[in-house]
Amino acid sequence: MVSGNLLEDQVSEEVIKYLEEKDDLCTCQQCQDDITALALSNLRPRYAGSEEGKVVISSVDLPSEQTKLDILRAIVNAAKKVSKRPHHDR
Ligand SMILES: [Zn+2]
């Protein structure tokens with residue numbers, strides 16, 4: 001078992017919050033997953049210990065403001081890309 005918060009969990013939580021605030025973005029499961037995956041791929045290189053999505057944020061200073069900002073910025077960028085080219089029709 002891995003202790004501590006997984007980056008993936010943190011990101012998917014923030015994606016849901018972000019989409020709730022944005023009426024103009026598609027909030028279907030497909031887009032949520034796409035945004036989460038894209039944001040994670042942008043964040044992963046910044047955090048040590050990456051292996052197959054099991055990136056653990058240091059529990060020492062979690063949740064640090066900087067980490068939150070990094071995550072939010074990655075989500076905003078990912079949401080822009082996904083909303084332009086969603087992986088479904090409509
Ligand atoms: Zn969608």
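A residue counts as buried under 20% relative accessible area, as exposed over 50%, and as partly exposed in between. The model discussed here is predicted.

Q: Why is Glu 14 called buried?
A: Glu 14 has a relative accessible area of 17%, and buried means under 20%, so Glu 14 is buried.

Q: What makes Lys 17 and Glu 14 a salt bridge?
A: The closest N and O atoms of Lys 17 and Glu 14 are 3.3 Å apart. The criterion is a side-chain nitrogen of Lys or Arg within 4 Å of a carboxyl oxygen of Asp or Glu, so the term applies. The two residues are three apart in helix α1 and therefore separated by about one helical turn.

Q: How do you know that Arg 73 is partly exposed, and is Asp 70 buried or exposed?
A: Arg 73 has a relative accessible area of 46%, which falls between the limits of 20% and 50%. Asp 70, at 8%, is buried. Their side chains meet in a salt bridge at 3.8 Å, N to O.

Q: Why is the site of the zinc ion called tetrahedral?
A: The four donor atoms make angles of 96 to 123°. Because tetrahedral requires all angles to lie between 85 and 135 degrees, the site is tetrahedral. The protein donors are Cys 26 (SG), Cys 28 (SG), Cys 31 (SG) and His 88 (NE2).

Q: Why does the pair Cys 26 and His 88 tie together separate parts of the sequence?
A: Cys 26 lies in the loop between α1 and α2, and His 88 in the segment after α3, so the parts joined are 62 residues apart in sequence.

Definitions and conventions: Residues numbered from 1 in each chain as written. Predicted model: local features only at pLDDT ≥ 70, side-chain atom pairs only at ≥ 80, totals over all residues. Heavy atoms only, no water. Donors = N, O, S within 2.8 Å, 3.2 Å for Na, K, Ca; no water. Tetrahedral: all angles 85-135°; square planar, octahedral: opposite > 155°, others 65-115°. Helix = DSSP H or I, 4+ residues; strand = E, 2+ residues; numbered from the N terminus. Buried < 20%, exposed > 50% of the residue type's maximum accessible area, 1.4 Å probe, protein only.
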